[in-house]
Structure formats: structure tokens, C-alpha cells
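This report looks at how charged side chains pair with one another and at the surroundings in which they do so.

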Amino acid sequence: MTISEDAPNSEFSAFLRAPLGQGVVTGLLTLIPVRDYPLWLRRGIVWGPLVTTGVGAVYLGANPQRTEALGETVIEPTTESKPVAGWRGIAKMLVPGLAVGTIMSGSMATAIWADEKIDRGLRRSGVPFPRLVMGFSVGAITRWSVTEENQRDRSREVVKPSMDPSTKQSDSGKA
């Protein structure tokens, strides 16, 4: 019996997709205080979403055929729904892109602020190992959240009828 070289990678990948694995990784990452991150990383975490969505929106606005390839057009294109090229197309994509990026960047800045405030609050309250408490709590919440999400996804799969034409029964066999 030979062991595949991919076996350790697939086991690790399966661990990372499992609720327990995601909880463990999230809890371990929480042990590192954000204040200890290098300044360039903290700035990248805050400003990265805004810059990325802005650049992506400009690219998609300047290349409307790429937007169609991403599936933005849900209905058959008409003269009113065709993508607009040029500055109007860029503006049409840039406004919502920057709005989403601003919300994401604001959320990241708020999370960094909250991390520091929670850490300080636990220290002031006399909690002996505040980062350990935070890591355990965040890991447990992440595990619970992923488990709930997986259960919702499974229940949707059961309710949703199969769209695979090979599984449809034909009427030819009935008398």
C-alpha cells in the first residue's frame, strides 16, 4: 500500500474546512495582539479593501466585457442593460465599488480598535490571560458559526430540486 504524496495536504485542507479547524486557526490567530502587527500590515488591513475594490471597479468599468463574463447581466441584454464603456462605465462601477470598499475598510478599522479595547478591558478587569480568553472565545464562536452555516447549506440542498438533467425521470417507462 502506497501513501499518496497529497494525503497530508488533503488532510490538512479537510481540517481547515471543518468547523473545528476554522475555530482552532481563528483562536490561534487571536492570540497575537493587533498592536504587535507591523505598521505596514495594519495599514494594509485597513486600506487594502478600499484600494482593491477601487482598482477592481475601475478595471471592470473600463472593460465592460469582463463584467458580463462575471455574470452581472442576469437577463438578456437589451439596449438599456448593455454595459457602458468609457468614463460613464468607470463611474458606474466605481461608486458602488468604493462604497463597498469603504464599508469593508471601516469594519477592519473598527475590528482593530475593538481588539485593543477588549484586550485592555480584560486586563483592567483582572483576567490573568486576556489573549487566551479572547482566543478561546473567538475560536468557539467561529466553530459554532461555521457549524450553523454548514447546517443551513445542507438544509437548502435538501429543499432545492436537482437541476441535473441526467437525474430527471422520463415518462417513457410508464404505461
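A salt bridge is taken here as a side-chain nitrogen of Lys or Arg within 4 Å of a carboxyl oxygen of Asp or Glu. The model is predicted, so local features need pLDDT of at least 70 and side-chain atom pairs count only at pLDDT 80 or more, while totals for chains, interfaces and linings use all residues. Residues are numbered from 1 along each chain as its sequence is written, and side-chain values use heavy atoms, with hydrogens and water left out.

By this rule there are 7 salt bridges, and one network of them links Arg-35, Asp-115, Glu-116, Asp-119, Arg-120, Arg-123 and Arg-131.

| Pair | Closest N to O |
|---|---|
| Arg-120 and Glu-116 | 3.0 Å |
| Arg-156 and Asp-153 | 3.5 Å |

Helices are DSSP runs (H or I, at least four residues), numbered from the N terminus. Arg-120 and Glu-116 both belong to helix 5 (residues 87-124), where 4 residues, about one turn, separate them. Accessibility is described as buried (under 20% relative accessible area), exposed (over 50%) or partly exposed (in between), with a 1.4 Å probe and protein chains only. Arg-120 is partly exposed at 40%, whereas Glu-116 is buried at 18%.

Asp-119 in helix 5 and Arg-131 in helix 6 (residues 130-159) are 12 residues apart in sequence, so their pair ties together those parts. Asp-119 is buried, with a relative accessibility of 0%, and Arg-131 is also buried, at 8%.

Within helix 6, Arg-156 and Asp-153 are 3 residues apart, or about one helical turn; Arg-156 is exposed at 51%, while Asp-153 is partly exposed at 31%.

Note on methods:
Helix = DSSP H or I, 4+ residues; strand = E, 2+ residues; numbered from the N terminus.
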